[in-house]
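Hello,

Here is the structure I promised to pass on to you. Please have a look at it first, and then read my notes below.

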Amino acid sequence: MNLWARFRGGVHPDARKTTAQCATQPLPRPERVVLPLRQHIGAPCQPLVKKGDEVALGQPIGDVDAPVSAPVHASVSGKVVAVEPRLTPGGRTEQAVVIEAAPEDVPWEGLPEGLGWDLDPESLDPAFIRDRVRQAGLVGMGGAGFPAAVKLTPRPGSEPDVVILNGAECEPAITSDHRLMLEQPEQVVLGLRLFMRACGARRGVIGVEANKPDAAAKLSQLVAGDPALSVEVLPVRYPQGAEKMLVWALLRRAVPVGGIPLDVGVVVQNVATAAAAAVALAEGRPLTHRIVTVSGRVASPGNWRVPLGTSFVDLMQAAGGLTGALARVIAGGPMMGIAQPDLDVPVIKTTGSVILLGPEDLHETPAGPCIRCGRCVTACPMGLLPAQLCDAAMASDWARAERFHVRACMECGSCSYVCPARRPLVQSIRLAKSELGRRARGGRG
Amino acid sequence: MAKTESGELLVASSPHLWAGVSTSQIMRDVLIALAPAALGAVYFFGWRAALVIALSMGAAALTEWGCMRLMGKPSTLGDGSALVTGLLLALTLPPASPVWLPVLGAAFAIAVVKVAFGGLGHNFVNPALAARAFLLAAFPAAMTTWTSPFDAVTTATPLAVLPTPFAPDVLAGPLPSYRDLFLGTVGGSLGETSALLLLIGAVYLLVKRVIDWRIPVGFLGTLALLSWALGGQAGLFTGDPLYHLLAGGAILGAFFMATDYVTGPITPQGRWIFAVGCGLITVLIRLYGGYPEGVLFAILLMNVVTPLIDRFIVPAPFGGVKGRA
Ligand code: SF4
Ligand code: SF4
């Protein structure tokens with residue numbers, strides 16, 4: 001392990017990775033799926049189907065001709081029963097295609113032909129790979145949801161030389177990427193090679209946190225003998241998986257605030273995205289399923305391979321149902337995940353984990369005054385002063401928030417996690433960011 | 001809709017985890033860390049010391065409760081900060097204090113220095129230190145009658161005996177030895193006397209990361225360096241740094257007063273400036289001010305400068321800002 005590969009700040013929440021040894025199981029087929037037409041950052045898709053249409057597994061049901069976008073595919077065969085606004089785990093309400101599942105899945109006959117698992121990435125045209133990646137609807141599956149093909153498109157003046165696969169999985173309680181790396185390491189490595197070819201990078205690095213030695217070992221075996229590829233074991237420290245922290249830890253390159261890894265010659269993709277790319281090229285299948293960790297107050301927590309659009313209710317039932325009162329449902333990890341107002345929301349491309357918490361898991365201590373202890377300052381991996389940002393936001397002093405670099409905040413939650421006074425740090429910072437964003441766009445109301 | 005048995009789901013901003021160290025736990029840790037020195041005071045000075053501590057802590061708590069009550073606000077006693085202030089103040093008082101002295105001091109600390117400025121987190125000087133300064137100004141006689149613990153003879157505090165500048169033969173004179181200073185067998189305020197007992201508590205706070213090591217290191221480091229360089233009779237670098245470290249509340253000040261979160265800077269960089277400033281001013285007052293209370297006023301002065309420090313120290317974010325390099 002590279003002990004120097006450390007970033008400043010960060011925290012050590014309890015890992016709670018109790019599902020790490022739970023092999024991925026298939027989910028009992030859901031009766032209906034809800035597929036939001038925007039599961040990515042960018043333009044929402046237009047529906048390609050309407051109520052009453054029969055659709056087949058893998059058939060595109062939404063797409064849009066916009067530079068930053070990704071199509072959505074049917075994750076089951078069945079009948080479209082509605083195209084209507086639905087609540088998504090991101091907290092927004094989006095147009096969604098609701099499909100009632102037929103008894104059996106039939107793959108769509110329009111799927112592109114697979115190149116087979118022995119395909120050689122070097123023999124492929126980079127544009128062809130990028131095109132297939134887009135067609136398959138791939139987005140950053142670690143949570144950000146940025147369209148994968150866009151990231152792989154080199155820009156004049158900043159050609160990437162390294163592709164990093166993010167297998168850090170630094171959030172507590174999530175093990176879906178861990179299981180993926182353990183169970184489909186070949187797919188991950190093939191995906192890495194495809195990404196390198198697609199963007200012209202000559203080096204590929206997979207970053208894995210030290211609490212997943214089995215996964216790191218499997219991957220290391222596969223890349224042994226290829227000098228272009230390596231697997232790096234990283235110290236366990238949240239938020240190791242944040243793009244900027246990962247790039248710094250692995251390459252000692254600092255991505256500037258307001259910039260992206262490409263500015264320093266790096267493309268970062270999630271391991272699950274890489275595996276999905278391998279499937280898309282080798283078998284021609286688009287992104288219709290993903291692994292989701294279900295944990296918390298359920299009878300049998302574990303990892304499931306689920307069709308996108310599956311309701312959290314079905315996941316809860318698959319995990320044996322609740323073992324007590326339910327107080328909070330989180331899509332994503334406990335540090336950055338989003339609390340859901342309702343259990344009936346669908347799994348989307350970025351949902352790696354669903355956590356069901358009881359009242360006993362919540363820390364609803366009321367906020368007290370800031371005692372200026374500086375813990376938030378020490379914890380902030382971006383080197384910000386969260387206490388000052390919170391102060392500025394609460395005084396609606398947006399200019400001061402900006403002077404204290406509020407936009408550099410990546411909302412990792414480390415500051416709120418350590419604050420002894422329970423100050424609403426991340427919350428107020430988010431407010432300041434959205435207010436500044438609104439003003440920058442010239443909005444008034 | 002698939003609502004659950006328990007009804008409403010609670011929506012709240014991430015993160016959904018908390019490290020679990022609360023303000024009141026931090027205050028409790030500070031009380032624990034001060035316990036050896038407080039118990040030592042009772043051992044050295046007897047029941048008078050216990051009385052001073054009890055009166056000061058009691059009055060601090062009562063004043064805080066009363067103020068909140070008067071303002072119709074919920075009680076803030078639970079955060080424990082009033083007790084910390086009370087104990088810190090007691091440790092700076094002479095063991096022979098008349099009973100009204102700690103009571104008045106604690107009430108002043110809480111009502112005037114803390115609550116009047118908005119309560120915990122908003123006071124700009126350390127309440128215990130400000131109260132001591134107030135008592136010193138208002139009741140100089142009561143505040144400077146020191147008892148030597150073992151012979152019960154009233155003497156001046158060791159630093160007050162130090163001539164300024166030091167006489168060459170000073171160490172042969174009536175000053176207490178290093179050993180006495182370290183163990184606490186000298187005259188002085190309740191908590192200033194035993195460096196050893198204070199250090200035990202300081203180690204506890206450092207290990208639990210309650211206090212930032214930069215402050216005592218910067219403070220005492222500057223104090224030692226400058227008193228060594230400038231404090232001697234025989235020219236530069238003939239001073240006695242150890243003496244300056246052990247006497248006159250430097251340990252108590254550096255580990256327990258200057259590390260007060262509320263009245264010090266919030267950034268690591270700011271804390272270095274603050275700490276070095278404390279050390280510098282202490283030396284200036286001790287050597288050239290002809291006044292033994294260097295630590296007290298050094299910290300108070302730096303408390304006042306803290307908002308300025310925090311205003312000007314805005315660290316660059318990680319990676320720098322794009323286009324501004
Ligand atoms: S951690 Fe909380 S109490 Fe401490 S300085 Fe930051 S906001 Fe204030
Ligand atoms: S200020 Fe932003 S980046 Fe810094 S710790 Fe808080 S949430 Fe993370």
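**The two ligand sites**

By class, ten nonpolar, one polar and three charged residues form the shell around ligand 1. Please keep in mind throughout that this is a predicted model. The shell around ligand 1 counts 14 residues, and the closest are C370(A), C373(A), G374(A), C376(A) and C419(A). Both chains take part here: residues from chains A and B surround ligand 1, so the site is shared between them.

C370(A), one of those closest residues, deserves a visit of its own. You will find C370(A) in the loop between β17 and α9 of chain A. Its relative accessible area is 25%, so C370(A) counts as partly exposed. Leaving aside residues up to four places away in sequence, C370(A) touches A387(A), A421(A), R423(A) and, from the other chain, G121(B).

Ligand 2 is surrounded by 13 residues, with C380(A), C409(A), C412(A), G413(A) and C415(A) the closest. Two helices of chain A, α12 (414–418) and α13 (425–440), are the elements that give two or more residues to this shell. Sorted by class, the shell around ligand 2 has ten nonpolar residues, two polar ones and one charged.

**A pocket and the cavities**

Next, the second largest pocket, which holds about 1,100 Å³ of space. Its lining has 37 residues, and R375(A), T378(A), A379(A), V418(A) and R209(B) lie nearest the centre. Which elements each supply at least two residues of that lining? In chain A they are α9 (375–379) and α12, and in chain B they are α1 (23–45), α10 (214–230) and α13 (268–288). The lining of this pocket divides into 17 nonpolar, eight polar and twelve charged residues.

There are also five cavities of 30 Å³ or more in the structure. The largest cavity has a volume of about 290 Å³. It is lined by 21 residues, and M27(B), V84(B), L88(B), D260(B) and Y261(B) are the closest to its centre. α1, α3 (81–91) and α12 (250–257) of chain B are the elements that give two or more residues to this lining. The largest share, four residues, comes from α3(B). By class, the lining of the largest cavity has 14 nonpolar, five polar and two charged residues.

**Chain B as a whole**

Chain B has 14 helices and two strands. Of its 325 residues, 54% are buried. Among contacts in chain B between residues at least 6 apart in sequence, 72% join residues at least 24 apart.

**One more residue in chain A**

Finally, take a look at D342(A), in the loop between β16 (338–339) and β17 (353–357) of chain A. Is D342(A) buried or exposed? Its relative accessibility is 8%, so D342(A) counts as buried, the cut-off being under 20%. The side chain of D342(A) reaches the backbone nitrogen of D344(A) at 2.8 Å.

Do write back with any questions.

Best wishes

Key:
Residues are numbered from 1 along each chain as its sequence is written. Chains are lettered from A and ligands numbered from 1 in the order in which they are written. This is a predicted model: local features need pLDDT of at least 70, side-chain atom pairs count only at pLDDT 80 or more; totals for chains, interfaces and linings use all residues. Side-chain values use heavy atoms; hydrogens and water are left out. A residue is near a molecule or strand if one of its heavy atoms lies within 4 Å of it. Ala, Val, Leu, Ile, Met, Phe, Trp, Tyr, Cys and Pro count as nonpolar, Asp, Glu, Lys and Arg as charged, and the others, Gly among them, as polar. Buried means under 20% relative accessible area, exposed over 50%, partly exposed in between (1.4 Å probe, protein chains only). A polar contact is a pair of N or O atoms within 3.5 Å; within protein, one must be able to donate a hydrogen and the other to accept it, and residues adjacent in sequence count only if both atoms are side-chain atoms. On a 1 Å grid over the protein atoms alone, a cavity is a set of points where a 1.4 Å probe fits but cannot get out, and a pocket is an open set with protein on both sides within 12 Å along at least five of seven lines; lining residues have an atom within 4 Å of a point. Grid points are joined across faces, edges and corners, and a volume is the space filled by probe spheres set on the points. Contact means heavy atoms within 4.5 Å.
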